[in-house]
Every structure is written in C-alpha cells, then in structure tokens.
Amino acid sequence: MRNTFDFTPLFRSGIGFERMLSALEAASRLETVDNWPPYDIAKKGEDDYRITMAVAGFSQDELDITQEHNMLMVSGQKPAEDNAEYLHHGIAERAFRRRFELADHVRVVNASLVNGLLTIDLKREIPEEMKPRRIEIGSVKAKPKAEAKQIEADTQAA
C-alpha cells in the first residue's frame, strides 16, 4: 500500500516554496527505484559535499558528468564490442544514468576516478549580493526651526 500526501494546503499558505513542494510531490510519485550503481553522499563541511559512486570496470572515457542548472547527471556507457561467450556473467557493465537534484548555488568543484570509485566534490557558493549584509542607519540633522514671522498690522479703533 502506498501513502500519498496532499500538498494542496501548503500550496495555499506557502509563498515562494512552490519549487520545494513540487519536488516533494514528484519524489512521492517515484515508483521505480534504481539502485545501481551504488553511491554515498557525504557532507564534508558547512558548504561542502561529496558524492562517491562505485563504478568498477568503467574508465574515465566511458563516464560523463554534466551539470545543468540544479541538475547533476552522471552516466556511464561501455562500448558493445565484447564477443566472448560467457559461462557466467556476473559483472554489471550495463549503461547507467544517475540524476541528482542540487540546491541553488551548488556547483561541482572536482571529479576524480580512483580504484573504481568516482568522487564528485560539490560546493555551495552563495553570491555576494545574496549574503546577509549589515545596513548602516544614517542620521539626518534636523533643520533649525524657522522663527515664526509675525505680521504687524495697524490697529484702528472703531
């Protein structure tokens, strides 16, 4: 039995959270779970992350990493040139495509392949104009009050 959540009340009362709520809604609809190749996601610091994927048997030329806006895609494709007759074929060399949704201002800083482990380092870099900044409060000198001018009039008795 699958649980579904109704996010409609949150859409009515949340302003500016449409993207997050849409992502939650899309995640709740996911039915197929592809768990190959296995991977880890680690937080290395306040703004530093690392994805480690087990891609044994793949070379650097057979792997592709692309980032487009907030989506990171890692794919692998082995050339189909193997004409061997296997008695047992247990090594998974199938093509794969793994997608990672990234938060705003997260970018890939480095990627390396060592001993069958693909390591992708990520960093969140908030632009200067979006960082909190202190705003100085200025003071305006008060203008001296102008003396009230009195109009003198000749007074005549009736």
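**Exercise 1. The salt bridge of Asp47**

Identify the residue with which Asp47 forms a salt bridge, and state which parts of the chain the pair ties together.

*Solution.* Step 1: apply the criterion, by which a salt bridge is a side-chain nitrogen of Lys or Arg within 4 Å of a carboxyl oxygen of Asp or Glu. In this predicted model, local features need pLDDT of at least 70 and side-chain atom pairs count only at pLDDT 80 or more, whereas totals for chains, interfaces and linings use all residues. Residues are numbered from 1 along each chain as its sequence is written, and side-chain values use heavy atoms, with hydrogens and water left out.

Step 1: find the partner. Asp47 meets Arg124 through their side chains, at 2.8 Å from N to O. Asp47 lies in the loop between strand 1 (39-43) and strand 2, and Arg124 lies in strand 7, so the pair ties together parts that are 77 residues apart in sequence. Strands (E, at least two residues) and helices (H or I, at least four residues) are DSSP runs, numbered from the N terminus.

Step 2: classify the exposure. Buried means under 20% relative accessible area, exposed means over 50%, and partly exposed is in between (1.4 Å probe, protein chains only). Asp47 is partly exposed at 26% relative accessibility, and Arg124 is likewise partly exposed, at 25%.

**Exercise 2. Further salt bridges**

Step 1: Asp121 is buried, with a relative accessible area of 15%, whereas Arg50 is partly exposed at 29%.

Step 2: Lys78 belongs to the loop between strand 4 (71-76) and strand 5 (96-101), and Glu62 to the loop between strand 2 and strand 3 (63-68); the two residues are 16 apart. Both Lys78 and Glu62 are buried.

**Exercise 3. The pairing of strand 7**

Determine which strands are joined to strand 7 by bridges, and in which direction each pair runs.

*Solution.* Step 1: two strands pair if DSSP finds at least two bridges between them.

Step 1: strand 2 (residues 48-54) and strand 7 (residues 117-124) run antiparallel and are joined by seven bridges. Within this pairing, Met53 stands opposite Leu118.

Step 2: strand 6 (residues 106-114) also runs antiparallel to strand 7, with eight bridges between them. Val108 has Leu122 of strand 7 as its bridge partner. Strands 6 and 7 form a hairpin with two residues between them, and Asn115 in the turn has a positive phi of about 55°.

**Exercise 4. Loop residues with positive phi**

**Exercise 5. The side chain of Arg98**

Find the backbone oxygens that the side chain of Arg98 contacts.

*Solution.* Step 1: Arg98 is in strand 5 and is buried, at 10% relative accessibility.

Step 1: apply the polar-contact criterion, a pair of N or O atoms within 3.5 Å; within protein, one must be able to donate a hydrogen and the other to accept it, and residues adjacent in sequence count only if both atoms are side-chain atoms. A polar atom of the Arg98 side chain lies 3.4 Å from the backbone oxygen of Trp36. The Arg98 side chain also reaches the backbone oxygen of Pro37, at 3.3 Å.

**Exercise 6. The chain as a whole**

State the order of the elements and the share of buried residues.

*Solution.* Step 1: the chain has two helices and seven strands, in the order α-α-β-β-β-β-β-β-β from the N terminus.

Step 1: of the 158 residues in the chain, 18% are buried.
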